[in-house]
Amino acid sequence: MTNEQLEELRKIVLPVMRILKLINLEEEEKLKQIPLGLIRKNATRMHAVCRFNPGPKGYKKRIEDVKEVAIHPEALNEKWLHYARFLMFHEYLHAIGNIRHDSVFRELENLWPDEKAKSAGKEFGKYLRNRASKWFWTCPKCNKQHPRTRKSNGRYLCRKCKVTLIDSPVGQTHHAQ
Ligand SMILES: [Zn+2]
Ligand SMILES: [Zn+2]
């Protein structure tokens, strides 16, 4: 079963690819057949993936060899939908045979018309890491907080103030004084 939201994204992305002359109608039909899915929700580094069926070595991959295009479920939140469309575009660029992230790939990727979406990857990664973090390393002087998955255990100093950072569990950000 394909997620309806993913289907909605596809309905936007494929016509744009056709307008950009990256695909023709026939290829668009083939791309429509690719199963859409979600990657695991606690992934922090991977934002999306284009999975191919294994083929003979050195064999040129075709649209028919694509097993699945999967997107991070967090990207389907309204706040990130613009980025989800770009992710899908990126994965479809792989699906049409651009396997590596080489200069040609980056040029094609750059054709996506939403400038904000093209630069959202860093922010989205940060958002995912914040979600995954269990501790704040907090500077007691300037109050700057660094979300982390581990405790700092007195090993780190605030870059600016040169004082030791203090651990506090996420969700408990206020210290009694
Ligand atoms: Zn890629
Ligand atoms: Zn500080």
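The C-alpha centres of domain 1 and domain 2 are separated by 37 Å. The domain assignment of the chain places domain 1 at 4-128 and domain 2 at 133-169; these bounds come from an automatic or database domain assignment. The model is predicted, with local features requiring pLDDT of at least 70 and side-chain atom pairs counted only at pLDDT 80 or more, while totals for chains, interfaces and linings use all residues. Residues are numbered from 1 along each chain as its sequence is written, and chains are lettered from A and ligands numbered from 1 in the order in which they are written.

Helices (H or I, at least four residues) and strands (E, at least two) are DSSP runs, numbered from the N terminus. One open sheet consists of three strands in the order β1-β3-β2, with mixed pairing; two strands pair if DSSP finds at least two bridges between them. Its edge strands are β1 (36-38) and β2 (48-52), each of which pairs on one side only. From one strand to the next, the twist averages 25°, where axes are lines fitted to C-alpha atoms, for helices over the stretch in contact, and angles run from 0 to 180 degrees between N-to-C directions. Strand β3 (residues 66-71) runs parallel to β1, to which three bridges join it. Within this pair, L38 has I71 in β3 as its bridge partner. β2 and β3 run antiparallel and are joined by five bridges; R51 stands opposite E68 in β3.

Helix α3 lies across β2 and β3 and runs at about 160° to β3. Contact between two residues requires that their C-beta atoms, placed from the backbone, lie within 7 Å. Helix α3 (residues 81-95) also packs with helix α1 (residues 4-19), at an angle of about 55° and with the axes 9 Å apart. The helices α1 and α3 are therefore oblique to each other; angles under 35 degrees count as roughly parallel, over 145 as roughly antiparallel, 65 to 115 as roughly perpendicular and the rest as oblique. The crossing of α1 and α3 is right-handed, a crossing being left-handed if the near helix is turned anticlockwise from the far one by less than a right angle, and right-handed if clockwise. On the α1 side the contact involves L9, R10, I12, V13 and M17, which meet A84, R85, M88, F89 and Y92 in α3. By class, this contact of α1 with α3 has eight nonpolar, no polar and two charged residues. In this classification Ala, Val, Leu, Ile, Met, Phe, Trp, Tyr, Cys and Pro count as nonpolar, Asp, Glu, Lys and Arg as charged, and the others, Gly among them, as polar.

A further open sheet has three strands in the order β5-β4-β6, and its pairing is antiparallel. β5 (145-148) and β6 (166-169) stand at the edges with a single partner strand each, so one side of each is left without a neighbour in the sheet. Neighbouring strands of this sheet are turned by 30° against each other on average, direction ignored. Strand β4 (residues 135-138) is joined to β5 by four bridges, and the two run antiparallel. W137 stands opposite H146 in β5, and the bridge partner of W135 in β5 is R148. β4 and β5 form a hairpin with six residues between them, and N143 in the turn has a positive phi of about 65°. Four bridges also join β4 to β6, again in antiparallel orientation, with T138 standing opposite I166 in β6.
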